[in-house]
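Q: Hi, could you walk me through this structure? I'd like to start with the contacts.

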Amino acid sequence: QTWEDPAEPHPDTGVGGDNDPVDVVQFNSEPCAVGEVQMVRVLGVFALIDGDETDWKVIVARVDSPETDAWWDVTYMPQDRVEEVKEWFRNYKTAEGK
């Protein structure tokens with residue numbers, strides 16, 4: 001499923017989805033083009049609680065990138081990169097007043 005149902009509370013968050021498609025956060029440093037199809041490895045997920053809704057983020061890395069070759073899940077990633085993205089989302093949601 002790629003859509004988050006607001007009527008179904010998730011057992012890990014206790015609230016329903018945000019009625020949007022699931023978001024994907026790519027951790028490679030090279031940019032990707034709009035609409036580009038890439039082969040990626042799923043490294044993990046995290047959830048943001050946004051106005052009593054769960055907003056899931058799927059963390060991925062390109063499979064053909066030497067930069068992320070050894071990343072099999074988030075525990076293999078440089079933790080400063082993980083913290084940087086967490087902080088970005090924290091600031092993004094705060095700026096929106098959420």
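A: Happy to. Contact here means heavy atoms within 4.5 Å. Among contacts between residues at least 6 apart in sequence, 51% join residues at least 24 apart.

Q: Before we go on, what sort of model is this?

A: This is a predicted model, where local features need pLDDT of at least 70, side-chain atom pairs count only at pLDDT 80 or more, and totals for chains, interfaces and linings use all residues. Residues are numbered from 1 along each chain as its sequence is written, and side-chain values use heavy atoms, with hydrogens and water left out.

Q: Thanks! How many helices and strands are there in the protein?

A: The protein has 1 helix and 3 strands, running β-β-β-α from the N terminus on. Helices (H or I, at least four residues) and strands (E, at least two) are DSSP runs, numbered from the N terminus.

Q: And which residues make up the largest nonpolar core?

A: It has 12 residues: Val-25, Phe-27, Leu-43, Phe-46, Leu-48, Ile-59, Ala-61, Trp-71, Met-77, Val-82, Val-85 and Phe-89. Strand E2 (40–49), strand E3 (54–62) and helix H1 (79–95) are the elements giving two or more residues each to this core. A nonpolar core is a set of buried Ala, Val, Leu, Ile, Met, Phe, Trp, Tyr and Cys residues joined through side-chain atoms within 4.5 Å. Buried means under 20% relative accessible area, exposed over 50%, partly exposed in between (1.4 Å probe, protein chains only).

Q: What does Phe-46 touch, leaving aside its neighbours within four places in sequence?

A: Phe-46 is in contact with Asp-55, Trp-56, Lys-57, Ile-59 and Phe-89.

Q: Why is the pair of Trp-88 and Phe-89 edge-to-face?

A: Because the planes of the Trp-88 and Phe-89 rings are at 85°, with the centres 5.0 Å apart. Phe-46, Trp-88 and Phe-89 form one aromatic cluster.

Q: Is Phe-89 buried or exposed?

A: Phe-89 counts as buried, at 9% relative accessibility.

Key. Phe/Tyr/Trp six-rings, centres within 6.5 Å; stacked < 30°, edge-to-face > 60°.
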